[in-house]
Amino acid sequence: MREAAVETFLACGYDGTTMEAIARAAGITKQTLYARYPDKRAVFAEVIPWAMSRRDSRAVSAPPEGADLRASLTAIGREALARVADPRLVKLQRIAMSESARFPEFALSAETMAWSPRLRAVMDILRRHRDAGELDIADDELDIAAEHFLVLVEAQPWRLAEFGVYRSDEQTERHLRYAITLFLRGVEPRSGGSG
């Protein structure tokens, strides 16, 4: 039922979607739909965050065991870039953003949604390599460092995707390599000298 609702919102937008259309797409009666949700607003408020978090968690895989720091960040960065370039997710985010004024509860869940599986995976990588002495990041800064890494990797490609602009594979790899290099310059321990 949730997947059918997401598909209907994607096809018709919030205003163009009706409870009847959602029920038809799900292959159920309107009465069955109304037994679970009082109205379209309740459906939207549940299914959009569900769809976005589901798509986020599906894409995260652990880097190979024993992978070095750069290889680990590259693997997770590639997954992040694939996610932000996913046209369905871009459209979901666009719908959620355009309707956010009607749904203040989205703001309440923003902190929770920020703790995505991808953010936790980056934190785990950073913690492991910090504990091995490769990084200079305090415990209470791991989440911020992970956020900054993901922003360096995702922000511009996501913004471009919102406008239907997608980089070539070569441009995407160049962007990722530079983002990783820039990030590591900020978190690797400083060697002696006047830097």
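Q: How many residues does the protein have, and what share of them count as buried?
A: The protein has 195 residues, and 39% of them count as buried. Please note that this is a predicted model.

Q: What about its secondary structure, how many helices and strands?
A: There are eleven helices and zero strands. Along the sequence the pattern therefore reads α-α-α-α-α-α-α-α-α-α-α.

Q: What share of the contacts join residues at least 24 apart?
A: Counting contacts between residues at least 6 apart in sequence, 74% join residues at least 24 apart.

Q: Changing topic to Tyr-178: where is it?
A: Tyr-178 lies in helix H11, which covers residues 169-187.

Q: Buried or exposed?
A: Tyr-178 counts as exposed, because its relative accessibility is 52% and the cut-off for exposed is over 50%.

Q: Which residues form a nonpolar patch with Tyr-178?
A: Leu-152 and Leu-182 form a nonpolar patch on the surface together with Tyr-178. The accessible area of the three together is about 270 Å².

Q: How far apart are Leu-152 and Tyr-178, in sequence and in space?
A: They are 26 residues apart in sequence, and their C-alpha atoms are 9.2 Å apart in space.

Q: Now H10. Which residues does it cover, and what span should it have?
A: Helix H10 runs over residues 142-162, which is 21 residues. At 1.5 Å a residue it should span 30 Å, and its end C-alpha atoms are 29 Å apart, so the two values agree.

Q: Where does H10 bend?
A: H10 bends by about 40° at Glu-154. A proline, Pro-157, follows within four residues of that position.

Q: Are Glu-154 and Pro-157 buried or exposed?
A: Both Glu-154 and Pro-157 are buried. The other buried residues of H10 include Leu-142, Ala-145, Ala-146, Phe-149, Leu-150 and Val-153. Ala-161 and Glu-162 are buried as well.

Q: What do the buried residues of H10 pack against?
A: They pack against four helices: H5 (69-84), H6 (87-98), H9 (117-131) and H11. Helix H11 is also where Tyr-178 is found.

Q: Last one: which residue with a positive phi follows H10?
A: That residue is Gly-164, with a phi near 75°.

Key. Residues are numbered from 1 along each chain as its sequence is written. This is a predicted model: local features need pLDDT of at least 70, side-chain atom pairs count only at pLDDT 80 or more; totals for chains, interfaces and linings use all residues. Side-chain values use heavy atoms; hydrogens and water are left out. Helices (H or I, at least four residues) and strands (E, at least two) are DSSP runs, numbered from the N terminus. Buried means under 20% relative accessible area, exposed over 50%, partly exposed in between (1.4 Å probe, protein chains only). Patches are made of residues with over 30% relative accessible area and no salt bridge: like charges are joined within 9 Å, nonpolar side chains (Val, Leu, Ile, Met, Phe, Trp, Tyr) within 5 Å. Accessible areas come from the Shrake-Rupley method with a 1.4 Å probe; for residues, only the protein chains shown count as cover. A salt bridge is a side-chain nitrogen of Lys or Arg within 4 Å of a carboxyl oxygen of Asp or Glu. The expected span of a helix is 1.5 Å times one less than its number of residues. The bend at a residue is the angle between axes fitted to the seven residues ending there and the seven starting there. Contact means heavy atoms within 4.5 Å.
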